[in-house]
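Subject: Structure for you to look at

Hello,

Here is the structure I said I would pass on. Please open it alongside this message.

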Amino acid sequence: MNKSIFKKLLITELVLIIITIWKMIFYPYSLAPEDLKNAMIMYDELAPLPDNFVTIMIFIMLIGYFYSILLLFRFRKFGRQLYVATSALTLLFVFSKGYMVFDSFEYLLDGFSLILTGFIISSSYFSKLEKEFK
């Protein structure tokens, strides 16, 4: 793998994350069946609001995630470590929220993002690019 392909993977990861966040905020139940959409809207209305600590931690993790992608783009050694740490910790934030329903498009975006995350981690540690990180 060369540098240009690795950078394209990072840009693809960034675009997927932005599309996923945009979809989850503005069109959360757009592809869900009508009955499920109504049930989830009722659940969201009755569910307690997330506490401030979890919200702040999610924003900090999101900033760290984008910063780690920037450092990976510049081939910094700390970027690899930060990327692995933020990727692992963002998986733990799934447990901070109650029930979540993904429609098919969000499920597809999440699957591609997880595959890309694993590929970025493995190629940054176990390929010829390992020597490029300073």
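Below is what was found in it, from the overall fold down to single residues.

Please keep in mind that this is a predicted model.

Overall fold

The protein has five helices and zero strands, and its order along the sequence reads α-α-α-α-α. Its C-alpha atoms fill a box of roughly 50 × 30 × 20 Å along the principal axes. Of the 134 residues, 28% are buried. Among contacts with a separation of 6 or more, 77% join residues 24 or more positions apart.

Helix 1

Helix 1 has 24 residues and spans 35 Å from its first C-alpha to its last, close to the 34 Å expected at 1.5 Å a residue. Its buried residues are Phe6, Leu9, Leu10, Glu13, Leu16, Ile17, Thr20 and Lys23. The list includes Glu13 and Lys23 as well as leucines. A general point applies here: an α-helix has 3.6 residues a turn, so residues three or four places apart point the same way. The cover over the buried residues of helix 1 includes helix 3, helix 4 and helix 5.

Helix 3 against helix 4

Helix 3 (residues 52-73) and helix 4 (residues 77-92) pack at an angle of about 150 degrees, and their axes are 8 Å apart. The crossing of helix 3 past helix 4 is left-handed. On the helix 3 side, the residues that meet helix 4 are Met61, Gly64, Tyr65, Tyr67, Ser68, Ile69, Leu71 and Leu72. Their counterparts in helix 4 are Phe78, Gly79, Arg80, Leu82, Tyr83, Ala85, Thr86, Ser87, Leu89 and Thr90. Sorted by class, this contact has 11 nonpolar, six polar and one charged residues.

Phe75 sits in the loop between helix 3 and helix 4. Its phi is near 60 degrees, a positive value in a residue other than glycine. Is Phe75 buried or exposed? Phe75 counts as buried because its relative accessible area is 6%, below the 20% cut-off.

The nonpolar core

The largest nonpolar core has 15 residues. Phe6, Leu10, Leu72, Tyr83, Ile120 and Phe133 have the most contacts inside it. Helix 1 (3-26), helix 3 and helix 5 (104-126) are the elements that give two or more residues to this core, and helix 1 supplies the largest share, five residues. In soluble globular proteins, nonpolar side chains tend to be buried together.

Leu10 is found in helix 1, and its relative accessibility of 1% makes it buried. Leaving out residues up to four places away in sequence, Leu10 touches Ile69, Leu72, Phe73 and Ile120. Leu10 and Leu70 are 60 residues apart in sequence, yet their C-alpha atoms are 8.7 Å apart in space. With neighbours within four places set aside, Leu72 is in contact with Phe6, Leu10, Gly79, Arg80, Tyr83, Ile120 and Phe133.

Ala39 is partly exposed because its relative accessible area is 41%, which falls between the cut-offs of 20% and 50%. Ala39 and Thr117 are 78 residues apart in sequence, and 32 Å separates their C-alpha atoms.

Regards

Methods. Residues numbered from 1 in each chain as written. Predicted model: local features only at pLDDT ≥ 70, side-chain atom pairs only at ≥ 80, totals over all residues. Heavy atoms only, no water. Axes fitted to C-alpha atoms, helices over the stretch in contact; angles between N-to-C directions. Helix = DSSP H or I, 4+ residues; strand = E, 2+ residues; numbered from the N terminus. Left-handed = near helix turned anticlockwise from the far one by under 90°. Contact = heavy atoms within 4.5 Å. Nonpolar A, V, L, I, M, F, W, Y, C, P; charged D, E, K, R; others polar. Core = buried A, V, L, I, M, F, W, Y, C linked by side-chain atoms within 4.5 Å. Buried < 20%, exposed > 50% of the residue type's maximum accessible area, 1.4 Å probe, protein only. Expected span 1.5 Å × (residues − 1).
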